[in-house]
Amino acid sequence: MAKNTRLSTDQIERYSRQILVPDLGGKSQIHLMQSRVLIIGAGGLGSPAALYLAAAGIGTVGIVDPDSVELSNLQRQILHATRDIGRAKTESAAEKLHELNPDVEVETYPVRFESSNAAEIAAGYDFIVDGSDNFETKFLVNDVAIGLGIAFSHGGIVRLQGQTMTVLPRKTACYRCLFDMPPPPEEILNCQQSGVLGAVAGTIGTIQATEAIKYVAGLEDGLLTDRLLTYDARLMKFHTVEINRRSQCSGCGQKAALALQDRLSSDRV
Ligand SMILES: [Zn+2]
């Protein structure tokens, strides 16, 4: 790829504070500028993730979201402003990211991420940040990312709590190694019904952006893999729980690949 193999004077200045970081440097900056990161949801998690990824100079940021901006989103979805109410979230997001960093290409998908389009949208991205707000999408992101071999960050928030983990397909534990199936609907707490503090979404979304940057910069050894990080903002406690990859996992185990192929091809008909 001939694109972005050298840093311009402006780029050296813009990214100087991260180029100075010994684990990153100029070479990693070029890797960031050549990389493609897909964000599912321009909401509470996707907003801080997208802003930090664009600020860091990720070459292409993809954003999937079918919704329009509502007044009740603004308490946590910091990509959007009061003037954006009624606009498509993807359009509002693209505008903000270009204002922050005109170098970044933003690819927008104003559609629901579902089994009929997921593989087509995700193909060609280097990393996925899952900022979705429902279990159906979280399991789909897991299965599609594993099917296509794309590393991703899972994130979830509710009330004053958050959790996140990073998955390297077929190398580390996946979301289904942790939770085999979505919970029954009556057990599900979501932001709409249960509430969430915006700053909690900011913390988890920012960790997800950090993981994406580390991955594309080649800092794989310190990723949040085979571990679930939980955050309790009420007690201000972080815990890490070890997660083992299961050989019989329905997401990443031996029988999972064929089942996924069947499911995606039958959904596409
Ligand atoms: Zn698994």
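Tutor: Start with the term. On a 1 Å grid over the protein atoms alone, a cavity is a set of points where a 1.4 Å probe fits but cannot get out. Lining residues have an atom within 4 Å of a point. Grid points are joined across faces, edges and corners, and volume is the space filled by probe spheres set on the points.

Two notes on the source. This is a predicted model, in which local features need pLDDT of at least 70 and side-chain atom pairs count only at pLDDT 80 or more, while totals for chains, interfaces and linings use all residues. Residues are numbered from 1 along each chain as its sequence is written, and side-chain values use heavy atoms, with hydrogens and water left out.

Now the cavity. The structure has one of 30 Å³ or more. The largest cavity holds about 30 Å³ of space. Its lining is made of Gln18, Ile19, Leu24, Gly25, Ser28, Gln29 and Leu32. Helices here are DSSP runs of H or I with at least four residues, strands are E runs of at least two, and both are numbered from the N terminus. Helix H2 (16-19) and helix H3 (25-33) each give at least two residues to the lining. H3 has the largest share, with four. By class, three lining residues are nonpolar, four are polar and none is charged. In this scheme Ala, Val, Leu, Ile, Met, Phe, Trp, Tyr, Cys and Pro are nonpolar, Asp, Glu, Lys and Arg are charged, and the others, Gly among them, are polar.

Stay by those helices for a moment. Aspartate 23 sits in the loop between H2 and H3. Aspartate 23 is exposed, at 56% relative accessible area. The cut-offs are under 20% for buried and over 50% for exposed, with partly exposed in between (1.4 Å probe, protein chains only). From aspartate 23 to glycine 218 is 195 residues in sequence, but 9.5 Å in space, C-alpha to C-alpha.

Next, the metal. Cys174, Cys177, Cys249 and Cys252 coordinate the zinc ion through SG, at 2.2 to 2.4 Å. Donors are N, O and S atoms within 2.8 Å of the metal (3.2 Å for Na, K and Ca), and sites may look incomplete because water is not among the atoms. The donor spacing in sequence is C-x2-C-x71-C-x2-C. Cysteine 249 and cysteine 252 are buried.

Last, the salt bridges. Each one is a side-chain nitrogen of Lys or Arg within 4 Å of a carboxyl oxygen of Asp or Glu. The whole structure has nine. Lysine 96 pairs with aspartate 84, at 2.5 Å between the closest N and O atoms. Lysine 96 is in helix H5 (residues 89-100) and aspartate 84 in the loop between strand E2 (60-64) and H5, so the pair ties together parts 12 residues apart in sequence. Both belong to a salt-bridge network that links Arg83, Asp84, Arg87, Glu91, Glu95 and Lys96. Aspartate 143 pairs with arginine 176 at 2.7 Å, closest N to O. Helix H7 (residues 135-148) carries aspartate 143 and helix H8 (residues 175-178) carries arginine 176, so this pair joins parts 33 residues apart in sequence. Aspartate 143 is buried at 6%, and arginine 176 at 9%.

Technical notes: On a 1 Å grid over the protein atoms alone, a cavity is a set of points where a 1.4 Å probe fits but cannot get out, and a pocket is an open set with protein on both sides within 12 Å along at least five of seven lines; lining residues have an atom within 4 Å of a point.
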